[in-house]
Amino acid sequence: MRALFHGYLNSSLILRVSIALVLGIAVGLIGGQPVADWLAPFGELLLRLLKFLIVPIVLFTLMVGINQANIGSMGRVGRKLMLYYIATSALAIIVGLAVATWLEPGSSMTLNENATVKVPDNPGFAAVLLNIIPNNIFTAFTELNLLGIIFTAVVFGIALLKLRESEQHAELGEHLYKVIEGLSEMTLKVMAGVLQYVPIGVFAIVAKTAGEQGMETILALGDMVVVLYIALAVQLVVYCVIMRGFGVNVREFFREARTPMATAFATQSSSGTLPLTITAARKLKIPQRIYGFSLPLGATINMDGAAIRIAISAVFAANVVGVPLDLMTMAEIVLIGTLTSIGTAGVPGAGIVMIATVFAQVGLPIETVALLVSIDALVGMGATGLNVTGDLVGTSVIARSESRHDT
């Protein structure tokens with residue numbers, strides 16, 4: 001047993017996660033709902049461990065990152081990030097529309113007019129912006145309001161930077177910085193321990209998902225799922241082209257990105273995968289001042305996978321009701337979908353909110369959302385995996401562009 005345990009610890013993490021994914025699918029499909037219920041607590045434990053790390057890792061990493069840079073460079077990085085988020089989200093929707101228009105998912109189905117679905121309220125873009133500034137710091141932490149946590153870290157990180165630069169309190173600022181830097185390293189040590197449990201949790205979560213969904217659901221709406229994954233693959237190719245254009249080593253990138261990609265796929269949580277994404281950024285030797293800001297922000301508002309999901313869901317709904325989308329409607333979906341994918345970020349049930357919002361704006365029947373809910377987990381897994389990949393691609397690209405300013 002001891003040799004087996006040491007072999008487990010010494011083997012590659014991505015190998016363990018990959019085996020866990022395959023075994024999870026097989027066990028879930030064979031065992032069905034009883035196995036899904038029995039394994040559910042093991043998957044929940046992984047999600048809790050990852051969420052447990054979110055507050056310290058975002059707070060300390062971002063504060064340390066800010067104090068390794070200067071205000072001017074942070075503003076430049078922020079502008080580049082927003083341009084990247086908007087451009088890739090719009091591009092993802094165009095990719096989704098193109099692939100779905102070509103493959104026509106839903107063309108053989110008909111709408112059940114009695115189908116209903118409860119769609120969470122869309123809080124609106126203004127409410128999301130206001131939510132950046134929390135009413136209470138501790139409430140932002142307990143509710144895992146990532147935008148609020150990022151705002152807190154940025155404000156206090158800048159204050160610490162100013163303290164270190166002042167003549168009167170420079171020594172105090174340096175002592176405080178050393179403490180926060182130590183807390184950041186301590187958090188990473190805790191994260192290294194959590195990583196050892198990731199394959200077990202991934203196995204449980206995937207088995208639970210496969211057991212609950214079953215082959216019947218997968219086959220019934222299989223064309224929609226297949227088209228989505230084809231579009232996700234096309235977007236990955238687009239990422240490769242972008243990275244090559246900026247001189248990022250694509251092979252090295254995917255070697256380190258595989259673990260957060262697979263974990264995001266299994267857990268369907270961009271923010272929950274954040275500790276693993278940060279570990280990948282460190283292994284890629286990206287400066288902490290960049291990944292400490294870009295990855296927490298990207299986990300909240302950068303949703304390329306969700307953008308593709310919006311596009312394909314729109315074409316699917318149009319095919320179900322027998323009214324193909326015209327070019328004007330597609331252009332409207334690109335515009336509204338880009339804004340919606342950012343505007344509803346971090347909202348519970350965000351995927352359904354985004355789809356329902358776009359459907360309402362372009363005149364597609366909301367009833368078709370009920371069809372999509374049945375495959376929400378299968379679609380959400382792929383979309384979340386691409387969301388996390390897009391965050392890390394953007395961070396790598398911006399790090400390369402910033403290296404030119406540093407030289």
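This is a predicted model: local features need pLDDT of at least 70, side-chain atom pairs count only at pLDDT 80 or more; totals for chains, interfaces and linings use all residues.

Colleague: How many helices and strands in the protein chain?
Modeller: 17 helices and 0 strands. These are DSSP runs, numbered from the N terminus (helices: H or I, at least four residues; strands: E, at least two).

Colleague: What share of the residues is buried?
Modeller: 54% of the 407 residues. Buried means under 20% relative accessible area, exposed over 50%, partly exposed in between (1.4 Å probe, protein chains only).

Colleague: Now aromatics. How many pairs does a search of the whole structure find?
Modeller: 4. Ring centres of Phe, Tyr and Trp (its six-membered ring) must lie within 6.5 Å; planes under 30 degrees apart are stacked, over 60 edge-to-face, the rest tilted.

Colleague: Why is the W38 and F42 pair tilted?
Modeller: Because the planes are at 45°, with the centres 5.7 Å apart. W38 and F42 are 4 residues apart in helix α2 (residues 13–66), so about one helical turn separates them.

Colleague: Is W38 buried or exposed?
Modeller: Exposed, at 61% relative accessible area. F42 is partly exposed, at 37%.

Colleague: And what about Y229 and F265?
Modeller: Edge-to-face, because the planes are at 65°; the centres are 6.5 Å apart. This pair links distant parts of the chain, with Y229 in helix α9 (residues 222–245) and F265 in helix α10 (residues 250–267).

Definitions and conventions. Residues are numbered from 1 along each chain as its sequence is written. Side-chain values use heavy atoms; hydrogens and water are left out.
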